[in-house]
Structures are given as C-alpha cells and as structure tokens.
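Student: I'd like to walk through this one with you. Can we go piece by piece?

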Amino acid sequence: MSTNKIVKCRVCGKPLSLNPETENIEWILRSKGYYYHKGCWDEYMDIYADKTDEEWLDLIFYLITHSLHSTYNFQQIKRQCENMVREGKTMKGIYFACRWIFLIEKKTFEPKYGLGLIPYVYEDACNYWVEQEKKKENLQKQIEMKKKLETAPAEVVIQSKPKKAKKPTAEPVI
Ligand SMILES: [Zn+2]
C-alpha cells in the first residue's frame, strides 16, 4: 500500500491521507478499503447516537464479523431486515435485538439462518433494553440524590416526643 494514497472517510466523505508524515490525523482501517477518521469512527460506533437505517444495518454486519467472528449472507440479512421493518420493527431495534441475543444471551449465530431468530426474540430484547434504561435512570437519580444530600446543609430534625393526650381537667375552657 502506498503511503501517499488518498482515500475517503466512509463517514464524512472527506479525503483522508494515509501518509503519516504529512498528515497528523488518526485514521482507522476497518477492513480492506474501509477507512475512517478516528473521530468519525468513534461517533459511528457510538450505539447511543442517532443513525440512519443503512448505518444500523452496517453495524449489524460489523457485529457479526467483529464480535461474533462469523460470516454472513448480505442479501439474506438485508431481506430479513426489510421484512421485519415492514412488520413494524425498526432497524435500531433489530440491531439491539442482535446485541442482546448474540452478545448477552450468547446464542450462536448460524450464518445459514442469518437473523431468522430475531423476530422471535425481538420483544424480549426490547424489554431487556427498556429495563436497562430504567436501571440507568434509577442509578442516575440515586447519584443526583446522593449529590444533593452531600452538598445540602445538614438539616437537623429534632423530633419531639408525641404529646400525651391531655387528660380532661376540671379547669374551665376559655
Ligand atoms: Zn471523517
């Protein structure tokens, strides 16, 4: 590979010089011919950032090759995803369902079935991620509460003993 080669970043489309002596820009080679600026790549891989359907699909392929170290049939998976979207699922949901079933539940990915399993586990996966979000929110609330308690001046509450009900006396009520 020539070091003077100029390639395009797959995310921003801007030229990227691979010559380390003339360009002081960090870049990433994902696979043959797929180059990225380091910053663009980090953003691209951030699964909590907004993405287009094509980007989610691309991340599904990336998950299969890089996390599951498997091969896949591009046309098959694309078709399966299109069918699921037609049934009302989202590409983002499909991606997160893949993460759950293959990475967390550790189900084996079978290249011949592609994402055939996903429609059957989609709901469970959604529930899992909703739970995770809730836990995160609760944790965040707890942290904020703790911070408040630590920064707020200590309030001393003196609780007086409950007064005993007065016994009726013979004194006249004014
Ligand atoms: Zn870029």
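Student: Where is Trp-27 found?
Tutor: Trp-27 is found in strand β3. Strands here are DSSP runs of E, at least two residues, and helices are runs of H or I, at least four, both numbered from the N terminus. This is a predicted model: local features need pLDDT of at least 70, side-chain atom pairs count only at pLDDT 80 or more, and totals for chains, interfaces and linings use all residues. Residues are numbered from 1 along each chain as its sequence is written.

Student: Is Trp-27 exposed, partly exposed or buried?
Tutor: Partly exposed, because Trp-27 has 18 C-beta neighbours inside 10 Å. Buried takes 20 or more other C-beta atoms within 10 Å, exposed takes 12 or fewer, and partly exposed is in between, with C-beta atoms placed from the backbone.

Student: What is Trp-27 in contact with, leaving aside neighbours within four places in sequence?
Tutor: Leu-16, Leu-18, Tyr-35, Tyr-36, His-37 and Lys-38. Contact means that C-beta atoms, placed from the backbone, lie within 7 Å. The C-alpha atoms of Trp-27 and Ser-17 are separated by 8.9 Å, and these two are ten residues apart along the chain.

Student: How many bridges join β3 to β4?
Tutor: Four, between β3 (residues 27-31) and β4 (residues 34-37), and the strands run antiparallel. Strands pair if DSSP finds at least two bridges between them.

Student: Which residues other than glycine have a positive phi?
Tutor: His-69, near 50 degrees, and Lys-106, near 60 degrees, are among them. Most residues other than glycine have a negative phi. His-69 sits in the loop between α2 (53-67) and α3. Lys-106 is in the loop between α4 and α5.

Student: Are those two buried or exposed?
Tutor: His-69 is exposed, because 8 other C-beta atoms lie within 10 Å. Lys-106 counts as exposed too, with 7 C-beta neighbours inside 10 Å.

Student: New topic. What span should α5 have?
Tutor: Its 34 residues, 118-151, should span 50 Å at 1.5 Å a residue. That expected span is 1.5 Å times one less than the number of residues. The end C-alpha atoms of α5 are 47 Å apart, which agrees.

Student: Where is the kink in α5 centred?
Tutor: On Asp-124, with a kink of about 30 degrees. The bend is the angle between axes fitted to the seven residues ending at a residue and the seven starting there.

Student: How many residues of α5 are buried?
Tutor: Three of its 34, so α5 is hardly covered. They are Ile-118, Tyr-122 and Ala-125. They pack against α3 (74-86) and α4 (91-104).

Student: At what angle do α4 and α5 pack?
Tutor: About 85 degrees, with axes 8 Å apart. That makes α4 roughly perpendicular to α5, a label for angles of 65 to 115 degrees. Axes are lines fitted to C-alpha atoms over the stretch in contact, and angles run from 0 to 180 degrees between N-to-C directions. Among the residues that meet are Phe-96 and Trp-100 in α4, and Val-121 and Trp-129 in α5.

Student: And how many helices and strands does the protein have?
Tutor: Five helices and four strands. From the N terminus on, they run β-β-β-β-α-α-α-α-α. Of the 174 residues, 15% count as buried.

Definitions and conventions: Contact = placed C-beta atoms within 7 Å. Parallel < 35°, antiparallel > 145°, perpendicular 65-115°, else oblique.
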